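These are my notebook entries on a single protein chain. I set down what I looked up, entry by entry.

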Amino acid sequence: MTAKSAAAATRATVHGYPRQGRNRELKKAIEGYWKGNVTADALRAAATELRRENWRQLADAGVLEVPTGDFSLYDHVLDTTVAVGAIPARHRAAVDADPLGGYFAMARGTQDVAPLEMTKWFDTNYHYLVPELGPDTVFVANPAKAVGELAEAIALGHGARPVLVGPVTYLLLAKPAPGVTADFEPVTLLDRLLPVYAELLAALKAAGAEWVQLDEPALVQDRTPAELNTAARAYRELGALTDRPKLLVASYFDRLGEALPVLAKAPVEGLALDFTGPAAANLDDLAAVGGLPGKRLVAGVVDGRNIWINDLEKSLATLATLLGLADRVDVAPSCSLLHVPIDAALERDVAPQIARWLAFARQKATEVALLARALREGTGAITADLAANRADLASRAGSPITRDPAVRARTAAVTAEDARRPQAYPQRAEAQRARLGLPLLPTTTIGSFPQTTELRVARADLTAGRIDAAAYRERMEAEVREVIAYQEKAGLDVLVHGEPERNDMVQYFAEQLTGYLATRHGWVQSYGTRYVRPPVLAGDISRPHPMTVDWFRFAQDLTDRPVKGMLTGPVTMLAWSFVRDDQPLGDTARQVALALRDEVTDLEAAGAAVVQVDEPALRETLPLRAADRPAYLDWATESFRLATSGVRADTQVHTHMCYAEFGAIMSAIEELDADVISLEATRSHMQVAGELAAAGYPREVGPGVWDIHSPRVPSTEEALALLRAGLAAIPAERLWVNPDCGLKTRGWAETRASLDSLVGAARRLREELAG
């Protein structure tokens, strides 16, 4: 096919779409089901309606091939576990008795059964449920969900393409099941898994699928020759099947690199490639391998992870080059639109000047449809759209909102000494122990306490004007008093004020910093029914006034025990925001760090002996390719130190990380130079404690002993067993006792019971060590 005929055949498509609905209807239906207020049938009906609405929105935008199977009640990797029958033994009875209840038991656990481990989906803030596999795993095809959702779309008249997690990525994301030796490699199960994928593909073909998309994002990471050979074999065997639809193998988030020639040579009918950010290198790499003659290319030229409008002319230039490299070129976002909010048109409170710079999922669908139309009909067909796009891009580039000379001058004046504490850690530790006087195995929490319905109602009332700021403050102060009194009674050693006034650990600060703007409806799924509203980082960052000092003072005046000052770190402020794409991330991180540095020193001046600066996103934002990591870790760790290095030796700096694979960043954790770090450890069975010990980490550590993302309450014995496992790797004088993460999503009853177990376990272990 010539470039001209390839353009004539161009269509718009997407890899996936947000699941929650305009008003988070899915969240409400699922949580209603958990509480017993919504029946299983009503939940399924709500999900069906949301899928229909998603497809309608895409079709209205001009996307004529919609994805199916991307919709999930909790997580698409968990859906794949169900589709291939890899149900862990401990969940089998629950799944057999009630597939829907068992599905949520795998995701959340029950009082009797622990959930699957949860971690970050590559370098995003989306969390997936980690498959647990072992030598005895038996895979069994279960195509019901995939076939059912395809049938729904076809019945509504849509051109539909089912989407599945590919077999190689599924195995590479999996971990050995509990009790299986750590050296077991799930990828060795490929020969068992491929026949199950063959059954799924045959069922989808029988149901009317012309194409099936198999997502293989794991192949954009550094892969060994053996892993690349595994990918080649997987697609050689799947491609050789006779009873199957056409196969579109999709990658995103980075360049394919050495995996590109493997997939280009595979007997599949199409590839989907990302051409944004670091994945722009796919363009030259694709030309170097001779393109994709005879194949379909789905070109991801619209950024699916950020919310800025696309440069249509730049994308058209990329697409013009790609037309000569494939038999057919279709236009798509770089990845699933799961990672952006639904509709920028809902943001009525955003200034019109800024609103014109924003593109959420619906706008991105329109952008890919415009680009596809331009390829089919010529740029003259979208002349007005191109002119409007040029004007919007120029408006942003020239706006004074984006540049503050004072901020830039301060950032430019930063020196290496500004990002280092004057005293070495051993000197600091001695001074901090003298000041704090804490017992062995000190207990604390991560920061937030339950965000009750009453707190949310008070916040909504303030926003709606039903109460004034004084009444709101009074309600929050009452909550802080309750939280402090409870912690004293429970026997915790280092307290927190509970953060009742904070809507979100990033948004709360973003709303008080210049350069940020908040959305009202910009919800994005983080995990399950947990949605966040990432703020938009539009300009240079500064702190006009203290953000947390008054709340710290209020809480500290209520108790003689130390209360932590609580802040969100610079990397996390970027990672959980939609960042500006017009300057290097490191420059933006330094701006945020300087704003936080002012807050840290103000907290210390107000009497804070402990300041916690959370960086849960440090690992999440780690580049997927090893060659790109040193530069990132340099500015990421420097920005944390810049935020925290202005305090005295006897002020203890904590940080916190959760739900990530920490092994790859052990040296960076050391480079943070925090005095105490708390980490998620429960679902990973205290694995991180051993990793820290193996790396020779010399500072104090709080590996979590309570999985706060599950409703189950740990017993004292469970917490004690985890503490003993931690103690095997970390000396008692450096071991803290805390939950995995903040308690915002938990209820008060389970919080009290779980913290009783945590404190009780610490006391018993102290007695054992003393006796």
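**Entry 1: the largest cavity**

I began with the lining of the largest cavity, which is made up of 32 residues. Those that lie nearest its centre are M505, R530, W576, C741 and K744. I note here that the model is a predicted one.

I then looked up the volume of the largest cavity and found about 510 Å³. The count of cavities of 30 Å³ or more comes to five.

Which strands supply at least two residues each of this lining? I found strand 13 (524-527), strand 14 (530-532) and strand 16 (564-568). R530, listed among the residues nearest the centre, falls within the range of strand 14 (530-532).

I also sorted the lining by residue class. The lining of the largest cavity holds 13 nonpolar residues, eleven polar ones and eight charged ones. As background to this entry, I recall that a probe the size of a water molecule, rolled over the atoms, shows where empty space is left.

**Entry 2: the chain as a whole**

I next turned to the overall dimensions. The protein chain has 771 residues and a radius of gyration of 26 Å. A compact globule with 771 residues would have a value near 28 Å, so the chain agrees with that expectation. Along the principal axes, the C-alpha atoms fill a box of roughly 75 × 60 × 50 Å.

For the secondary structure I recorded 29 helices and 20 strands. Of the 771 residues, 62% count as buried. The chain exposes about 27,300 Å², and carbon and sulfur atoms supply 54% of that area.

How much of the contact set with a separation of 6 or more comes from residues 24 or more positions apart? I recorded a share of 80% for the protein chain.

I located R24 in the loop between helix 1 (3-8) and helix 2 (25-35).

D673 also has a positive value, near 65°. I found D673 in the loop between helix 26 (666-672) and strand 19 (676-679). Is D673 buried or exposed? Its relative accessibility is 11%, and the limit for buried is under 20%, so D673 counts as buried.

I placed P442 in the loop between helix 18 (425-436) and helix 19 (453-464). The relative accessible area of P442 is 7%, and P442 is therefore buried. Which residues does P442 touch, not counting residues up to four places away in sequence? I listed D493, L735, W736, V737 and R766. One of these, D493, is 51 residues from P442 in sequence and 5.9 Å away in space, C-alpha to C-alpha.

A643 lies in helix 25 (residues 629-644). With a relative accessible area of 1%, A643 is buried. Leaving aside neighbours within four places in sequence, I found A643 in contact with P570, A593, L596, R597 and V600.

I also looked up the separation between A643 and G62. These residues are 581 residues apart along the chain, and their C-alpha atoms are separated by 47 Å.

I found D385 in helix 16 (residues 383-397). Not counting residues up to four places away in sequence, D385 touches L312 and L370. D385 and L312 are 73 residues apart in sequence, and the distance between them is 8.8 Å, C-alpha to C-alpha.

Where is E185 found? I placed E185 in the loop between strand 6 (175-176) and helix 9 (190-206). At 48% relative accessibility, E185 counts as partly exposed. From E185 to L171 I recorded 14 residues in sequence and 8.6 Å in space, C-alpha to C-alpha.

Technical notes. Residues numbered from 1 in each chain as written. Predicted model: local features only at pLDDT ≥ 70, side-chain atom pairs only at ≥ 80, totals over all residues. Heavy atoms only, no water. 1 Å grid on protein atoms, 1.4 Å probe; cavity = no way out; pocket = protein on both sides within 12 Å on 5 of 7 lines; lining within 4 Å. Points joined across faces, edges and corners; volume = space filled by probe spheres on them. Helix = DSSP H or I, 4+ residues; strand = E, 2+ residues; numbered from the N terminus. Nonpolar A, V, L, I, M, F, W, Y, C, P; charged D, E, K, R; others polar. Contact = heavy atoms within 4.5 Å. Rg over C-alpha atoms; globule rule 2.2 N^0.38 Å. Buried < 20%, exposed > 50% of the residue type's maximum accessible area, 1.4 Å probe, protein only. Areas by Shrake-Rupley, 256 points an atom, 1.4 Å probe, with all protein chains shown as cover.
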